[in-house]
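Subject: Structure handover

Hi,

Here is the structure for you to look over. My notes on what turned up follow below.

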Amino acid sequence: MKSKKVIVALDSKNLNKTIKLVKTLNKDVYAFKIGYQFFFNFGVEGYKKIYSVCPKIFLDLKLHDIPNTVEKGLEALFKMKPIFTTIHISGGDNMMKVSRINKKNTKILGVSILTSLNSEQTKKYYNQKNILMLVKKFAKYAKKNKLDGVVCSPNEIEILRREVGAKFIIVTPGIRINSDVNSDDQKRIETPKKALTLGADYLVIGRPITESKNPLKVLKEINKTLI
């Protein structure tokens with residue numbers, strides 16, 4: 001099998017259940033993603049418990065504030081040693097620049113357009129209906145400000161890879177085992193194999209694995225498709 005590509009999202013309100021899941025999946029994932037739901041429920045202590053099982057954590061807090069506030073927040077965050085963390089590209093040049101200060105081994109990923117947004121929403125809030133062009137512009141600024149990579153939906157991977165080159169990290173959420181978008185709150189989704197083929201480096205997968213009856217079996221089946 002190729003090197004591991006799957007980052008499992010730990011969106012849960014049950015800490016013991018989550019720790020058990022991490023122990024079960026640990027050998028077959030690249031990393032685990034901790035976002036708002038987990039972090040706001042269990043805080044730094046919960047984070048440390050996951051870290052003690054698997055130190056490869058993507059701490060996805062999507063920081064977005066004035067540069068000084070983001071800089072101070074990141075100083076505290078870097079002490080927890082996540083492999084990835086996120087900031088909003090729309091926070092501007094200065095906010096992105098301060099994110100590089102004292103980052104050590106943590107990679108900073110820029111968030112462009114959330115995968116829950118469709119063209120109607122981007123037209124309303126960004127005055128741009130063409131999501132591809134909007135995400136491409138954001139990624140260009142992220143690279144110019146020397147972030148390590150971006151988070152983008154499967155729909156934008158191919159055009160972004162051409163824009164940012166081979167070394168810039170692309171992490172892709174919106175991954176589903178079945179690419180049917182019906183009854184899904186993420187609008188721009190794709191299968192794991194197709195996302196990697198398009199140029200993604202890592203895939204964030206949550207519910208298709210964590211809400212299945214046999215998470216390890218599902219993860220192993222996904223990994224087999226990536227061979």
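Start with Arg 161. Leaving aside residues up to four places away in sequence, Arg 161 touches Ala 166, Lys 167, Phe 168, Ile 170, Gly 199 and Asp 201. Bear in mind that this is a predicted model.

Arg 161 sits in helix H7. Is Arg 161 buried or exposed? Its relative accessible area is 16%, and buried means under 20%, so Arg 161 is buried. The Arg 161 side chain reaches the backbone oxygen of Gly 199 at 2.8 Å. Arg 161 also forms a salt bridge with Asp 201, with 2.8 Å between the closest N and O atoms. Helix H7 spans residues 157-164, while Asp 201 is in the loop between helix H8 (192-198) and strand E8 (202-205), so this pair ties together parts 40 residues apart in sequence. Asp 201 is buried, like Arg 161.

Other salt bridges

How many salt bridges are there? The count comes to 8.

One of them joins Asp 28 and Lys 220, with the closest N and O atoms 3.3 Å apart. This pair links distant parts of the chain, 192 residues apart. Asp 28 is in the loop between helix H1 (15-25) and strand E2 (31-34). Lys 220 belongs to helix H10 (residues 215-225). Asp 28 has 15% relative accessibility and counts as buried. Lys 220, at 38%, counts as partly exposed.

Another salt bridge is formed by the side chains of Asp 148 and Lys 103, at 3.1 Å from N to O. Here, too, distant parts of the chain are linked, 45 residues apart. Asp 148 lies in the loop between helix H6 (131-144) and strand E6 (149-151). Lys 103 lies in the loop between helix H4 (93-98) and strand E5 (107-111). Both partners are loop residues, and both Asp 148 and Lys 103 are buried.

There is also a network. Salt bridges link Lys 33, Asp 60 and Lys 62.

Look next at the start of helix H5 (residues 119-126). There, a side-chain oxygen of Asn 118 comes to within 3.2 Å of the backbone nitrogen of Glu 120. After H5 comes Asn 127, with a positive phi near 55 degrees.

On the H5 side, the contact is made by Ser 119, Thr 122 and Tyr 126. On the H6 side, Ile 131, Leu 134 and Phe 138 make it. An α-helix has 3.6 residues a turn, so residues three or four places apart point the same way.

Cysteines

How many disulfides does the structure hold? The number is 0. Cys 54 is buried, at 5% relative accessible area. Cys 152 is buried as well, with 1% relative accessibility.

Best regards

Conventions
Residues numbered from 1 in each chain as written. Predicted model: local features only at pLDDT ≥ 70, side-chain atom pairs only at ≥ 80, totals over all residues. Heavy atoms only, no water. Disulfide = S-S within 2.5 Å. Buried < 20%, exposed > 50% of the residue type's maximum accessible area, 1.4 Å probe, protein only. Salt bridge = Lys/Arg side-chain N within 4 Å of Asp/Glu carboxyl O. Helix = DSSP H or I, 4+ residues; strand = E, 2+ residues; numbered from the N terminus. Polar contact = N/O pair within 3.5 Å; in protein donor to acceptor, adjacent residues only side chain to side chain. Contact = heavy atoms within 4.5 Å.
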